[in-house]
Structure formats: structure tokens, C-alpha cells
Amino acid sequence: MPFSGPISTILPRGRDPQEDRVHEAAHAGVSALIPTQKVLRHSVRAQVLEALRAALVDGELEPGEIYSGPALADRFGVSATPVREAMQQLALEGAVECLPNRGFRVLSRTPRALAELAEVRALLEVPVMLRLARTVAPETWAALRPAAAATADAAAAGDPARYAEADRAFHRQVLRLGGNEQLVQVAEELHRRSQWPLPGAPRVRRADLVADAAEHAALLEALVAGELAAVESLVREHFAGSAA
């Protein structure tokens with residue numbers, strides 16, 4: 001079916017007032033972009049891709065539905081090419097499938113698939129975090145407090161797309177302390193996939209986002225204090241919650 005619902009546009013911050021207004025309007029829940037508002041400057045494809053990823057997290061692009069590339073391009077005020085390229089990237093990530101002469105279908109996922117993603121993420125991230133807990137200096141952990149605070153701010157705002165971005169950023173900064181960029185990239189991709197909602201799932205509750213963000217803060221303070229037993233318990237609980 002052609003695109004007919006709302007879609008968010010997440011544009012780079014700190015650009016110009018017009019870009020800021022588009023960003024603010026999207027996060028205020030505007031149902032459709034004003035036709036004269038365009039995706040501005042820099043990489044149009046990257047901005048469209050970011051907006052589509054946010055729409056997946058928000059549930060605005062619904063699993064099982066087919067979306068027309070030209071219709072999405074009209075919404076963004078861009079040509080069909082960057083939308084098609086962004087959708088092809090999402091197909092590589094396993095979010096959509098390309099349907100020749102029809103558009104793109106958002107793929108459905110199952111609770112089992114999400115549980116498997118959480119299990120693989122835990123196998124990658126937990127050992128790294130536990131090793132880092134024994135080797136990284138407290139002041140280095142303390143420097144990550146702004147990243148944890150960013151997840152808390154997004155959670156308090158009840159904004160799933162913004163929270164998903166801040167959540168990935170926090171985990172990414174932690175894992176980068178291990179110095180293995182390949183692991184960081186793999187973990188990031190798995191994390192992104194785990195954030196896509198199930199078909200028919202209700203919008204993520206603000207209380208759930210706040211609770212998840214609180215786990216980041218508690219984990220970070222345990223790392224700063226060097227409380228290894230608490231770190232292990234919090235890390236395992238965090239990933240167990242992701243699998244639930």
C-alpha cells in the first residue's frame with residue numbers, strides 16, 4: 001500500500017534554523033511534513049536513512065506494509081533516488097525487502113528472533129564489559145556520564161527513536177574502550193536490529209525507557225566505583241531484560 005501515515009525526519013543538529021524547525025516538528029509528532037520543508041544539505045541519502053530508521057523504531061513504518069519509494073520521496077521533498085538507496089541499505093540490514101515495481105515491504109520479526117538477537121549481543125558485549133571493568137580507570141568511566149545522561153533525557157521525553165539512538169551511543173562508547181572496532185560495528189548492527197518493534201506491538205512506554213536508562217546510570221556508577229560484583233550483576237540483568 002502507498003505510504004499514508006506520519007513519518008519522522010531526524011536531521012543533523014546545529015545546522016540552520018530551518019533544519020532545527022523540521023527536527024523539532026518531527027519530534028512533536030507532526031503527522032506529515034509541510035510540502036515546502038526539504039531534507040537539507042550534506043548527505044540527503046544519509047538523512048533519509050536516519051529518518052527511516054527512526055520511523056521503524058517508532059512503528060511509523062509498520063511490519064508487513066508496503067511503502068512506495070516515490071510517495072516517501074514526496075513526503076521528504078527529495079527525489080526518489082536517495083529514498084531508494086536508503087531503502088536498499090535497510091534491505092541489507094534486514095529491515096525491509098525490495099519488491100520490484102511495487103516498493104518496499106517492512107519485514108516482520110518474531111519474539112524468538114528478538115530473543116536470539118539479545119542472546120548474541122550478550123555473548124559479544126558481556127565478556128568485553130566485564131574485562132573492561134577490571135582494566136579501565138575510574139576517571140575514564142566517569143567521562144561516559146554524559147552518554148548515560150543522554151539516554152535518561154531521551155527516556156524522560158518518552159521519545160523511542162531518540163532513546164534508541166542514545167542507547168546505541170552509550171553501548172558504542174563503552175565497547176570502544178576495548179579497542180576492537182570490528183566488534184563495535186557488529187554489536188552496533190545487532191543492537192539496531194534489536195530495537196525494531198514486533199508487529200502490532202504498542203508504542204514503547206516512557207516508564208520502560210526510564211527504567212532501561214536507569215540501568216545505564218547504575219552500571220556506570222558501579223564501574224566508576226570498581227564494584228566488580230555489582231557490575232557483573234547489572235550487565236547480565238541489562239541483557240536479560242533486553243531478551244524479555
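Mentor: A residue is buried when its relative accessible area is under 20%, exposed when over 50%, and partly exposed in between (1.4 Å probe, protein chains only). The model is predicted: local features need pLDDT of at least 70 and side-chain atom pairs count only at pLDDT 80 or more, while totals for chains, interfaces and linings use all residues. Residues are numbered from 1 along each chain as its sequence is written, and side-chain values use heavy atoms, leaving out hydrogens and water.

Trainee: Why is A147 called buried?

Mentor: The relative accessible area of A147 is 10%, which is under 20%, so A147 is buried. The residue lies in helix 7 (residues 145-156), where helices (H or I, at least four residues) and strands (E, at least two) are DSSP runs numbered from the N terminus.

Trainee: What is A147 in contact with, apart from its neighbours within four places in sequence?

Mentor: A147 is in contact with F170 and Q173, contact meaning heavy atoms within 4.5 Å. R168 is 21 residues from A147 along the chain, and the two C-alpha atoms are separated by 9.9 Å.

Trainee: What are the secondary structure elements of the protein, and in which pattern do they follow one another?

Mentor: The protein has eleven helices and three strands. Along the sequence, the pattern reads α-α-β-α-α-β-β-α-α-α-α-α-α-α. Of the 244 residues, 43% are buried. For contacts between residues at least 6 apart in sequence, 73% join residues at least 24 apart.

Trainee: Why are helix 5 and helix 9 called roughly antiparallel?

Mentor: Two packed helices are described by the angle between their axes and the distance between the axes. Helix 5 (residues 111-135) and helix 9 (residues 181-194) pack at about 150 degrees, with axes 10 Å apart. Axes are lines fitted to C-alpha atoms, for helices over the stretch in contact, and angles run from 0 to 180 degrees between N-to-C directions. Angles under 35 degrees count as roughly parallel, over 145 as roughly antiparallel, 65 to 115 as roughly perpendicular and the rest as oblique. The angle of about 150 degrees is over 145, and helix 5 and helix 9 are therefore roughly antiparallel.

Trainee: Which residues form that contact, and is the crossing left-handed or right-handed?

Mentor: The crossing of helix 5 and helix 9 is left-handed, a term for a near helix turned anticlockwise from the far one by less than a right angle, clockwise being right-handed. In helix 5, L114, L117, V120, R121, L124, E125 and V128 meet L183, V186, A187, L190, H191, R193 and S194 in helix 9. By class, nine of these residues are nonpolar, two polar and three charged; Ala, Val, Leu, Ile, Met, Phe, Trp, Tyr, Cys and Pro count as nonpolar, Asp, Glu, Lys and Arg as charged, and the others, Gly among them, as polar.

Trainee: Why are helix 8 and helix 9 placed in the class they have?

Mentor: Their axes come within 10 Å and cross at roughly 160 degrees. Helix 8 and helix 9 are therefore roughly antiparallel, and their crossing is right-handed. From helix 8 come D167, R168, H171, R172, L175 and R176, and from helix 9 come E181, L183, V184, A187, E188, H191 and R192. This contact has four nonpolar, two polar and seven charged residues.

Trainee: How do you know whether R192 is buried or exposed?

Mentor: R192, in helix 9, has a relative accessibility of 11%, and therefore counts as buried. Leaving out residues up to four places away in sequence, R192 touches R53, E93 and R168.

Trainee: What makes helix 8 roughly parallel to helix 10?

Mentor: Helix 8 (residues 160-176) and helix 10 pack at about 20 degrees, their axes 11 Å apart. That angle makes helix 8 roughly parallel to helix 10. P160, Y163, D167, F170 and H171 of helix 8 make the contact with L209, D212, A213, H216 and L220 of helix 10.

Trainee: How do you know that the length of helix 10 is close to the expected one?

Mentor: Helix 10 (residues 206-225) has 20 residues and reaches 29 Å from its first C-alpha to its last, close to the expected 28 Å, which is 1.5 Å times one less than the number of residues. Buried residues of helix 10 include L209, D212, A213, H216 and L220. Just after helix 10, G226 has a positive phi of about 70 degrees.
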